[in-house]
Amino acid sequence: MATVSFRDATRVYPGADKPSVDKLNLEIGDGEFMVLVGPSGCGKSTSLRMLAGLEEINAGAIWIGDRDVTDLPPKDRDIAMVFQNYALYPHMTVGDNMGFALKMAGVPKAERQQRVQEAAHLLGLEDFLNRKPKALSGGQRQRVAMGRAIVRSPQVFLMDEPLSNLDAKLRVSTRTQIAALQTRLGVTTVYVTHDQVEAMTMGDRVAVMRAGILMQCDTPLALYDTPNNLFVAGFIGSPAMNLMEGPVAEDGVHLGDYTVPVSREVLSKAGNEKELVLGIRPENFQLSESKDGIGIDVGVVEELGADAFIYGTLTGIPEDQLITAKQITARIHGRKPPSRGETVRLQIDPTHVHVFSKATEERLS
């Protein structure tokens with residue numbers, strides 16, 4: 001086991017006018033499960049490949065434990081990688097696939113078989129060791145790829161979107177198995193995904209990337225409760241946080257015909273900005289019994305049993321602007337949802353309102 005350290009690690013592809021990964025600084029603890037998440041093209045897979053030695057580092061350094069591995073070839077880095085497409089040898093049995101790296105390393109046959117058996121037991125693959133990969137399901141192939149990594153007892157596991165080829169139901173069950181397995185093995189793991197739900201449920205910490213830059217790295221709950229900027233606020237959470245612009249008033253920010261209370265301390269941080277962005281999670285709304293709160297014209301209601309989601313726009317938006325109007329999502333009690341076309345008032349707890357600068361997109365509250 002080992003720590004992993006990215007120190008101003010930068011990757012610029014030939015012919016590109018800006019880095020794919022720009023001065024990445026990230027410290028990963030011994031035995032930690034770190035998830036890199038972000039939209040396509042944000043640099044998360046490139047960062048993983050830099051750590052694996054599959055991509056050249058143009059500037060900065062990468063350390064594994066107390067070794068600078070920046071210029072080491074992949075085989076000397078003591079890492080094991082699990083790929084998106086499994087990368088299994090089709091002509092070999094499951095057992096041979098799992099033990100192949102050990103065979104290449106000259107590990108004696110008896111020890112090889114013992115380590116393969118232990119990994120197969122851990123992954124529930126004992127009955128499949130003599131089968132070929134084509135006779136397995138997608139989930140079973142993924143477990144074989146995991147087993148091949150486990151038998152090597154590396155210092156670091158690297159996983160590049162290993163669940164993206166599985167169907168939705170299998171993806172949910174497999175991600176819990178991987179997280180439990182990592183906890184049991186205690187091996188430092190770097191996991192790449194574009195699915196923020198996967199990131200939130202699996203990672204000890206989550207690093208959110210955008211356009212090659214690390215936007216924020218923290219525990220899943222801290223990312224959810226205190227996003228540093230508008231990008232993290234909008235990316236983390238499902239359904240996404242409502243981000244609404246409004247003009248600044250003396251005692252808060254106007255949203256439609258309602259003023260959301262914002263403390264003077266926070267407003268003072270905005271300087272001379274005339275408009276701020278408010279972030280409110282769907283679950284922080286409550287249907288108002290009075291006429292107090294943000295007015296919403298309900299467009300769609302989703303009844304899910306215990307909960308209901310209402311989607312609408314701020315009251316009073318002209319019809320010709322409705323198509324471009326920002327949609328607001330609120331999660332409310334499912335037993336008494338409003339009807340489509342109805343106008344409702346939504347109350348909010350001021351302590352759950354996130355305030356962001358429109359100019360810098362940074363958090364103010």
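This is a predicted model: local features need pLDDT of at least 70, side-chain atom pairs count only at pLDDT 80 or more; totals for chains, interfaces and linings use all residues.

**The sheet and the cores**

Tutor: Four strands form an open sheet in the order E2-E1-E4-E5, paired antiparallel. Strands (E, at least two residues) and helices (H or I, at least four) are DSSP runs, numbered from the N terminus. Two strands pair if DSSP finds at least two bridges between them.
Student: Which strands stand at the edges?
Tutor: Strand E2 (21-28) and strand E5 (67-68) do; each has a single partner strand, so one side of each lacks a neighbour in the sheet.
Student: What packs on the sheet?
Tutor: Helix H1 (residues 44-52) does, touching strand E1 (4-11), E2 and E4. Contact means heavy atoms within 4.5 Å.
Student: New topic. How many residues has the largest nonpolar core?
Tutor: The count is 43, and Met98 and Val208 have the most contacts inside that core. Such a core is a set of buried Ala, Val, Leu, Ile, Met, Phe, Trp, Tyr and Cys residues joined through side-chain atoms within 4.5 Å. Buried means under 20% relative accessible area (1.4 Å probe, protein chains only).
Student: Which helix gives the most to this core?
Tutor: H4, with five residues.
Student: What covers the buried residues of H2?
Tutor: The cover includes helix H3 (109-123) and helix H4 (138-150).

Note on methods: Residues are numbered from 1 along each chain as its sequence is written. Side-chain values use heavy atoms; hydrogens and water are left out. Axes are lines fitted to C-alpha atoms, for helices over the stretch in contact, and angles run from 0 to 180 degrees between N-to-C directions. Buried means under 20% relative accessible area, exposed over 50%, partly exposed in between (1.4 Å probe, protein chains only).
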